[in-house]
Amino acid sequence: MLEAYLPILIFLTVSTGLGVVLMALGFVLGHFTTTSDDPGGHADREKKSPYECGFEAFEDTRMKFDVRYYLVAILFIIFDLEIAFLFPWGVVLGRIGVFGFVAMVLFLTVLVIGFIYEWKKGALEWE
């Protein structure tokens, strides 16, 4: 019975070993950067520039930020999940018949109504 778990043990051992080796290589071969502006540090203006979040990364942590970025991100995730539900539905559409088709049409209708509501409210407008 324990032989059935041998592939799982091998997989866990190899994946853990690979993770440790890759982290060690990154630690040994990587360049360390400092966040200070001292001449010996490698942190330049480009590394300190805002990245994907829209506000400075090295300022006060209690600063005000624009909530619209997070609103658009959440809306993207919600409507992106719609596609995740369409793939399995498309695979089994022949087996679930008319009931499955109607259920998916209702699901998509609710999502489209939500999308139109968010569009009319201006949640997708950046400026």
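## Overall picture

Of the 127 residues of the chain, 9% count as buried, a value that, like the others in this report, was computed from a predicted model. The chain has three helices and zero strands, and from the N terminus on its elements follow the order α-α-α.

The surface and the contacts can be described for the chain as a whole. The chain exposes about 11200 Å², and carbon and sulfur atoms supply 72% of that area. Among contacts between residues at least 6 apart in sequence, 33% join residues that are at least 24 apart.

Is Phe27 buried or exposed? With a relative accessible area of 57%, Phe27 counts as exposed, because the cut-off for that class is over 50%.

Helix α2, which runs over residues 67-91, has 25 residues. From its first C-alpha to its last, helix α2 reaches 38 Å, which is close to the 36 Å expected at 1.5 Å a residue.

Which residues are buried in α2? They are Leu75, Phe79, Glu82 and Trp89, and the buried residues of α2 pack against α3, the helix of residues 93-121.

The structure holds three aromatic pairs, and one of them is formed by Phe115 and Trp119. A pair of aromatic rings is described by the distance of the centres and the angle of the planes. For Phe115 and Trp119 the distance is 5.7 Å centre to centre and the angle between the planes is 55°, and the pair is tilted.

Both Phe115 and Trp119 lie in helix α3, where they are four residues apart, about one turn of the helix. An α-helix has 3.6 residues a turn, so residues three or four places apart point the same way.

Notes
Residues numbered from 1 in each chain as written. Predicted model: local features only at pLDDT ≥ 70, side-chain atom pairs only at ≥ 80, totals over all residues. Heavy atoms only, no water. Helix = DSSP H or I, 4+ residues; strand = E, 2+ residues; numbered from the N terminus. Buried < 20%, exposed > 50% of the residue type's maximum accessible area, 1.4 Å probe, protein only. Contact = heavy atoms within 4.5 Å. Areas by Shrake-Rupley, 256 points an atom, 1.4 Å probe, with all protein chains shown as cover. Expected span 1.5 Å × (residues − 1). Phe/Tyr/Trp six-rings, centres within 6.5 Å; stacked < 30°, edge-to-face > 60°.
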